[in-house]
Amino acid sequence: MLKKANIFLLFFTIAVMGSAIAMPHDTLAKKDSARFGDDPIAANLDSLSHLTFFEKGYDVVQSSMYHFAADSIPWYSDKVIADRVSKLGAQTPFNFEYNDVVKGYIELYAIRKRVLTSRVLALSKLYFPMMEQILDKYKMPLELKYLAVVESAMNPAACSKAGARGLWQFMYTTGKLYNLQVTSYVDERNDPIKSTIAACEYLKFLHGMFNDWQLALAAYNCGPMEVSKAIRRSGGKMNFWEIRPYLPKETQGYVPAFIAVNYVMNYATSHNIYPGIPNATFFDIDTVCVHTQLTFYQIAHYLNVPYDEIAYLNPCYKLGVVPYSNEGCYTLCLPISKVGTFVTNEKSIYDLVKKDTLSSEQILALQQNMQQVEYHRVRRGEHLSTIANRYHCTVRELKEWNGLASGDVHSGQHLMVYLNRKSSPASKKKEKADKKDYYIVQKGDTLWHISQSTGVSIATIKKLNNAQEISKLAPGTKIKLASN
């Protein structure tokens, strides 16, 4: 009788929770993760793994509604998810459809990249209210705010391999068409407000061209000419799913990803995903006009605000400098608690800055010294040692930058690499101290890999080690790199 009661209670609980079954994290995470290896949408999410400004120890506030274990990933039947997607579609002019492609992207956001989705939820507290105001002004569907999640994962400094930038990933020429200025000092494609206005104008134009929001989204990704060609090849069909086979590969997943983001952002708590606690929300920041040239270092010093915070809130300034304009003024985004301080002491700040203005040569030197980041996609057969050799860094640095515990990497994996690094005397001293007399063989290593990653010639390695050790190179073998 007790067993029957327990079984009844289990099914009752599942029914109440919408057919949800809490499954351990590892069970679902082992599913085909390589499926999105080449997908730029997945790569955008990966870029958030190193964006830490909005996480305070990365705490989350969990609701007690579902009573999920902290490490559990709820699973729902296709019928439950399809019903939820249908309800969302009924409240929007978009034609939401649930199929295997959309399901794959829901799994990407809700399972494989769920920790990064939590970061997107945190960033949305800063950007969504601003986007909703502008979308409402242009009489556009408010759901379009989720397009920024697909485009950039809500990272205002995002840059694609093709050179598209900002929350809305504008290319240089398209940005120019919609009045986004790009100069040596400023790139307005990275300005959250101006780029959102430009995105609204461009999407409104595309919707007027195709009279269909899904086709407008596809055209936003690949261009209206590609969508027009796909319509002709399909025999004149005007439905995204019917012209989808004729669209570029990246665009084929673009609209399904948009539907998936709409679903996951609205049902995040049902999937045991909660936003990180942001350092700032939309209501914690404001803008001021700047009437003279100011550097981020000066602003941080005069207002006692961390440099990283100034840089994050003002991603459109390329060199960490707010330039002077005699045609108006540039705006500076600040924590609202510092806006009053700036306005009250504006004249005093300008007087101090006059004694400390940077020359053009100093600004160019600043640009050269700024750390630039590149994302390297691991190719088949590559090892950390070959990648380190390509970027003139060490295997140790690659591991530290990407949080790698071992030297194993897989094809399609994205690695963050810091370029134009400057070595201070202290760092050089540390490098010398870190230099080891031994190397532990990793899986797949060859003598060439070891030589490239350690800087010790193959001849020297052979001379310092006996022939038996060198011939086997079994993982875990200790290879001598220097004599005693």
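These notes walk through a predicted protein model, point by point.

1. **Ground rules.** Because the model is predicted, local features need a pLDDT of at least 70 and side-chain atom pairs count only at pLDDT 80 or more, while totals for chains, interfaces and linings use all residues. Residues are numbered from 1 along each chain as its sequence is written, and side-chain values use heavy atoms, with hydrogens and water left out.

2. **The overall picture.** The protein has 25 helices and 10 strands; here helices (H or I, at least four residues) and strands (E, at least two) are DSSP runs, numbered from the N terminus. Of its 484 residues, 47% count as buried. Buried means under 20% relative accessible area, exposed means over 50%, and partly exposed is in between, using a 1.4 Å probe and protein chains only. Now take the contacts (heavy atoms within 4.5 Å) between residues at least 6 apart in sequence: 70% of them join residues at least 24 apart.

3. **Two helices that cross.** Two packed helices are described by the angle between their axes and the distance between the axes. For helix α10 (residues 213–222) and helix α14 (residues 254–266), the axes come within 9 Å and cross at roughly 115°. Axes are lines fitted to C-alpha atoms, for helices over the stretch in contact, and the angles run from 0 to 180 degrees between N-to-C directions. The crossing of α10 and α14 is right-handed; a crossing is left-handed if the near helix is turned anticlockwise from the far one by less than a right angle, and right-handed if clockwise.

4. **What do α10 and α14 bring to their contact?** From α10 come Gln214, Leu217, Ala218, Tyr220 and Asn221, and from α14 come Tyr254, Val255, Phe258 and Ile259. This contact holds 7 nonpolar residues, 2 polar ones and no charged ones. For this sorting, Ala, Val, Leu, Ile, Met, Phe, Trp, Tyr, Cys and Pro count as nonpolar, Asp, Glu, Lys and Arg as charged, and the others, Gly among them, as polar.

5. **Phe258 again, now as a ring.** The model has 16 aromatic pairs. Rings of Phe, Tyr and Trp (its six-membered ring) pair if their centres lie within 6.5 Å; planes under 30 degrees apart count as stacked, over 60 as edge-to-face and the rest as tilted. One of the pairs is Phe94 with Phe258, which is tilted, at 5.0 Å centre to centre and 55° between the planes. Phe94 sits in the loop between α4 (78–89) and α5 (100–112) and Phe258 in helix α14, so this pair ties together parts that are 164 residues apart in sequence. Both Phe94 and Phe258 are buried.

6. **A second ring pair.** Phe128 and Tyr146 have ring centres 5.6 Å apart and planes at 85°, so this pair is edge-to-face. Phe128 belongs to helix α6 (residues 114–137) and Tyr146 to the loop between α6 and α7 (147–152), so the parts tied together here are 18 residues apart in sequence. Phe128 is buried, at 8% relative accessible area, and Tyr146 also counts as buried, at 8%. Elsewhere, ring pairs link Phe296, Tyr297, Tyr307, Tyr317 and Tyr330 into a cluster.

7. **Which residues touch Pro315?** Leaving aside neighbours within four places in sequence, Pro315 is in contact with Pro156, Asn190 and Pro192. Pro315 and Asn190 are 125 residues apart in sequence, yet their C-alpha atoms are 5.7 Å apart in space. Pro315 lies in the loop between α16 and β5 (321–322) and is buried, with a relative accessible area of 17%.

8. **Ile336 for comparison.** Ile336 is found in helix α17 (residues 336–344) and is partly exposed, at 45% relative accessibility. Not counting residues up to four places away in sequence, Ile336 touches Phe283, Asp284, Ile285 and Asp286. Asp286 is 50 residues from Ile336 in sequence and 5.4 Å from it in space, C-alpha to C-alpha.

9. **Two positive phi values.** Asn304 has a positive phi of about 60° although it is not a glycine. Asn304 is in the loop between α15 (296–303) and α16 (307–313), and is exposed, with a relative accessible area of 63%. His392, also a residue other than glycine, has a positive phi near 55°. The place of His392 is in the loop between α20 (384–390) and α21 (395–402), and His392 is exposed at 70%.
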